[in-house]
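Please keep the sequence and the model at hand while reading.

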Amino acid sequence: MLTTHHLTCLFDADHGIRDITLSIGAGERVGLIGANGAGKTTLLRCLVGLLPAEGTLTVAGLPMTPAHLPAIRRAVGYVLQDPDDQLFMPTVLEDMIFGPVNAGVPREEAIRRADACLAELGLTSLRDRQNHRLSGGEKKMASIAVILTMAPALLFFDEPSAYLDPGNRRRLISLLMSRHETQVIASHDLDMIAETCDRVVVMDKGRLVCDGRVSEVLTDKALLEAHGLELPFCLQPVPGRLKPQPASDGVRKP
């Protein structure tokens with residue numbers, strides 16, 4: 001579904017991505033991790049053709065060329081890091097049907113798709129809400145719903161758990177686990193990556209420095225710390241816990 005060979009996109013000598021060679025198969029769910037400035041967002045933008053890059057790039061079986069760019073973008077859904085960069089229509093529903101309608105889907109069918117997606121995500125209450133009145137977390141979930149309504153074959157997420165409260169974060173994790181599309185998830189939320197992905201790619205200073213199984217990479221404390229990361233909380237050793245003390249007189253026991 002996705003291959004790159006020596007993909008390079010430099011803004012200057014110190015910023016961008018350099019010499020990225022990567023292959024992702026159909027149905028894989030791959031975590032993309034790295035410290036701030038590692039190049040994760042730049043790589044995602046190159047993969048959807050938003051930034052020009054040297055090297056070779058094939059997405060959904062098509063080489064990244066101007067002639068193939070419209071088809072590639074129809075095959076890819078890209079959830080941006082900041083939902084305010086993604087939501088631009090007055091209401092959630094209007095944002096959700098904008099893409100399908102402009103792709104030739106009849107308006108009634110686009111609304112049906114949007115309603116089904118909102119129901120799947122437990123977001124029906126957001127359907128007719130004005131985007132500027134949503135909380136940060138609601139905007140994030142709405143931006144994910146907007147992309148899913150397009151029914152892409154590949155899903156790219158940039159910090160999908162940002163802004164989310166625990167309930168919506170858990171809903172997001174369940175959603176990622178239930179989908180069968182190829183997924184690339186760039187995130188600092190390594191606990192979410194550990195729970196949802198089988199494979200993880202580590203980036204540092206614009207380069208791909210490690211590509212391996214989550215069970216191996218995310219338990220390698222020395223590797224993670226060398227690249228500005230820490231062990232996910234869920235994979236850290238559990239310290240000894242204090243034993244509960246008996247309640248004193250006058251204090252009700254739980």
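In this predicted model, strand 3 and strand 8 (residues 182-186) run parallel and pair over four bridges, and within that pairing Leu32 stands opposite Ala186 of strand 8. The model being a predicted one, local features need pLDDT of at least 70 and side-chain atom pairs count only at pLDDT 80 or more, while totals for chains, interfaces and linings use all residues. Residues are numbered from 1 along each chain as its sequence is written, and side-chain values use heavy atoms, with hydrogens and water left out. Helices (H or I, at least four residues) and strands (E, at least two) are DSSP runs, numbered from the N terminus, and two strands are said to pair if DSSP finds at least two bridges between them.

**Strand 3 and its surroundings**

Strand 3 also runs parallel to strand 9 (residues 199-204), to which four bridges join it, and there the bridge partner of Gly31 is Val200. In general, strands of a sheet pair through backbone hydrogen bonds, either parallel or antiparallel.

How many of the five residues of strand 3 are buried? Five of the five residues of strand 3 (residues 29-33) are buried, so this strand is largely enclosed by the rest of the structure. Here buried means under 20% relative accessible area, exposed means over 50%, and partly exposed lies in between (1.4 Å probe, protein chains only). In a regular strand the side chains alternate between the two faces of the sheet. Both faces of strand 3 are covered, with Arg29, Gly31 and Ile33 buried on one side and Val30 and Leu32 buried on the other.

**Charged pairs**

Side chains of opposite charge can pair when their charged atoms come close. The structure holds 13 salt bridges, a salt bridge being a side-chain nitrogen of Lys or Arg within 4 Å of a carboxyl oxygen of Asp or Glu.

| Salt bridge | N to O distance |
|---|---|
| Glu28 and Arg199 | 3.1 Å |
| Asp189 and Arg169 | 2.9 Å |
| Arg199 and Asp211 | 2.8 Å |

Glu28 forms a salt bridge with Arg199. Because Glu28 lies in the loop between strand 2 (15-24) and strand 3 while Arg199 lies in strand 9, the pair ties together parts that are 171 residues apart in sequence. Glu28 counts as partly exposed at 27% relative accessibility, whereas Arg199 counts as buried at 15%.

Arg199 also forms a salt bridge with Asp211, and this pair links distant parts of the chain, Arg199 in strand 9 and Asp211 in strand 10 (residues 207-213), twelve residues apart. Salt bridges that share partners join Glu28, Arg199 and Asp211 into one network.

Asp189 lies in the loop between strand 8 and helix 7 (190-196) and Arg169 in helix 6 (residues 166-178), so the pair ties together parts that are 20 residues apart in sequence. Asp189 counts as buried at 16% relative accessibility, while Arg169 is partly exposed with a relative accessible area of 21%.

Four strands form an open sheet in the order 2-1-4-5, with antiparallel pairing. Its edge strands are strand 2 and strand 5 (62-63), each of which pairs on one side only. Strand 5 pairs with strand 4 (residues 54-59) in the antiparallel sense over two bridges, and Val59 stands opposite Leu62 in strand 5.

**Helix 4, helix 5 and the loop between**

Residues Cys117, Leu118 and Leu121 in helix 4 meet Met141, Ala145 and Leu148 in helix 5. In the loop between helix 4 and helix 5 lies Leu134, which is buried with a relative accessible area of 8%. Leaving aside neighbours within four places in sequence, Leu134 is in contact (heavy atoms within 4.5 Å) with Val92, Leu126, Arg129, Lys139 and Ala142. Leu134 and Val92 are 42 residues apart in sequence and 9.5 Å apart in space, C-alpha to C-alpha.
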